[in-house]
Amino acid sequence: MGRYKEIFAKSVEEPEAFWGKAAEGIDWYKTWDKVLDDSTPPFYRWFAGAEMNTCYNAVDRHLERGRADQVAIIYDSPVTNTIQKFTYQELRDLVATFAGVLKGQGVKKGDTVIIYMPMIPQAAIAMLACARLGAIHSVVFGGFAANELAIRIDHSQPKVIVTASGAVEGKKLIEYKPLLDKAIEIAKHTPEKCIIYQRPMVKAPLNHERDLDWEKLAADAEPAECVPVKATDPLYILYTSGTTGMPKGVVRDNGGHAVALNWSMENIYDVRGGDVYWAASDVGWVVGHSYIIYGPLLRGCTTIIYEGKPIGTPDPGAFWRVISQHGVKVLFTAPTAFRAIKKEDPDGAYFKEYDLSDFKYLFLAGERLDPDTYHWACKMLHRPVIDHWWQTETGWAIAANCMGIEQMPIKPGSPTVAVPGYDVCILDDSGKELGPHEEGNVVVKLPLPPGTLPTLYKDDEKFQRSYMSKFPGYYETSDGGYLDEDGYIFVMGRVDDVINIAGHRLSTGAMEEVIATHPSVAECAVFGTDDQLKGQLPVGLVVLKAGAVQDPDELKTDLVKMVRNQIGPIACYKETSIVARLPKTRSGKILRGTMRAIANGKEYRMPSTIDDPTTLDEITASLKELGYPKR
Ligand code: COA
Ligand code: AMP
């Protein structure tokens, strides 16, 4: 039996023994009463009864083990021309001081803190400072509009919001403070304090009584010690797109999360303490949480906070420059980044300019890795290119080629096999298990391994409804796909209204909710169309209200602005077509899947429940006017 098979079998047959052993990689103030509390399925709790602190494990303990002078964080910002390094000792001091700042503002164990920040070290410091106090952080991605921030403020009810004065996004200067003020104006909940980190390129006005200056507070703060928390206490909430405008507040606990991420660093990514590991993502996404901050720091690696893009900052050699300059062993990014580089540097001329002798693996995730991009990356890099599949909900990979266990043969288009801990199956809609090559719902048999979501914040009922009720005994991933005869997983895409734009997860339902509020719009449908660079892009079809007098171009411009202002530029909503009616079933359900197939030039079967088949001809003509299908 291969090493992978043996380890996988142990992980699903004896999960308590398996994860109990993995938990030796974490320092505990008190060990668990039970490795897995499975007394109230589908709510499973790992390491029940144990006490620990995530910040202690990610920072302080490394000082006691000879890493005080090792670099913990490299901040590399081509947009501000800055490179700054922080040793573990320096990081500990900064985190302890900022934890003291938060404590001074009354933040304590169990309180929530929103962090709305660009890719600067202070974002990591704020996250770790929350973890140090046992406060629950909720990081909000900078590309979301004020309205999205307001939704998260109302749901998580933060005592304090931590932000920065602004950021350089590509070549644009973005001011965060006006967005924050607007969000607080929209929200019903008002935080007691806002702590603002002033950056040199833009000064934020501290124009409310609640506004405080990070540096001034830090100058007088008493460093705070790590507060023991229960392994099952929440470390963070990360909101992610669901099928409506109300995002899901994914909860991550402390103990299981630390055990799983620490285990994954060595077993999936093949890195150990002292290695330089770089996830080129953003702290606002789950990849940023798990693999810019917690995973590498728990393992004692050096992590990189990169404030730049794969192209244009300044050129498509940006990634190679960072890898070469900092001795990166593993790069983790989204396929979109590679498609962007490929477009600007198809022959890899920039790549050849750098010494990349430390670079061992490229890991990709966030969206499907199309075989073209895979082959191009292989041809250029001459290193393993590893696709792996996961979700905000799981917090770490469900399927991967685990480089630290055994390198399996790669099948392009597949993220390889289930990671130890995840018992993946394919079920049809009635819950029947399907055989090799039969496409259906990808599910994971319960219990999920440590580090995955124990519930949704303040909403156990929605957690059950969203993930656990359709297939009792299984976690529903909402991805469709199949397994082959060797157990390789092929993920074909979401089966719900979630789309993936440049590796970012967005909800078409949320876009529809925004568009439907336009006074001229009677009804609308938004769906994802295939895009060569960003994977998917949204297209909206709208039906006007009877008698609505509206210039079509003006309407389209209005809708673009509305989605930008209410969801954010990151939604990339640009295309609208006005149609006379939408195709529906006889019971009134809009046939989004059929429209998506038409736009993408895919074959589709005429739905037997369609109300009027001629609507599809009209939709085909409207999409053709927009230029669909593209190829
Ligand atoms: N703050 C504010 N605005 C942001 C933002 C942020 N943090 N991130 C993106 N935006 C804006 C962009 O400026 C752009 O605005 P525009 O419509 O005014 O031009 C819009 O949101 C869309 O951004 P993006 O999808 O990033 O497109 P782009 O054309 O600027 O860049 C790529 C294209 C491919 C280079 C870029 O999408 C990329 O780097 N992708 C990799 C994604 C990734 O790492 N994902 C992480 C998952 S692992
Ligand atoms: P997010 O929660 O933002 O990480 O997005 C999760 C979704 O992205 C998954 O449900 C998939 O649809 C998609 N996804 C992530 N990684 C992959 C991958 N390697 N292959 C295919 N789809 C992926």
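I count Ala, Val, Leu, Ile, Met, Phe, Trp, Tyr, Cys and Pro as nonpolar, Asp, Glu, Lys and Arg as charged, and the others, Gly among them, as polar. The model is predicted: local features need pLDDT of at least 70 and side-chain atom pairs 80 or more, while totals for chains, interfaces and linings use all residues. Residues are numbered from 1 along each chain, chains are lettered from A and ligands numbered from 1 as written, and side-chain values use heavy atoms, without hydrogens and water.

**Ligand 1**

I looked up its surroundings first. I found 23 residues around ligand 1 (a heavy atom within 4 Å). Glu169, Lys172, Lys309, Lys534 and Arg564 are the closest. The shell holds 11 nonpolar, 6 polar and 6 charged residues. A polar side-chain atom of Lys172 sits 2.7 Å from a ligand oxygen. For a side-chain N or O atom of Arg564, I read 2.8 Å to an oxygen of ligand 1. Domain 1 (2–308 + 388–477) and domain 2 (498–625) each give at least three residues to the shell; the bounds come from an automatic or database assignment.

**Cavities**

I then looked for cavities (1 Å grid points over the protein atoms alone where a 1.4 Å probe fits but cannot get out; lining residues have an atom within 4 Å of a point). There are 5 of 30 Å³ or more; volume is the space filled by probe spheres on the points. I count 14 lining residues, with Tyr44, Leu448, Thr452, Leu453 and Pro454 nearest its centre. That lining has 11 nonpolar, 2 polar and 1 charged residues.

Where does the second largest cavity lie? Both domain 1 and domain 2 give residues to its lining, so it lies between them. I note about 90 Å³ of space there. Its lining includes Phe144, Arg152 and Ile567.

Technical notes: A polar contact is a pair of N or O atoms within 3.5 Å; within protein, one must be able to donate a hydrogen and the other to accept it, and residues adjacent in sequence count only if both atoms are side-chain atoms. On a 1 Å grid over the protein atoms alone, a cavity is a set of points where a 1.4 Å probe fits but cannot get out, and a pocket is an open set with protein on both sides within 12 Å along at least five of seven lines; lining residues have an atom within 4 Å of a point.
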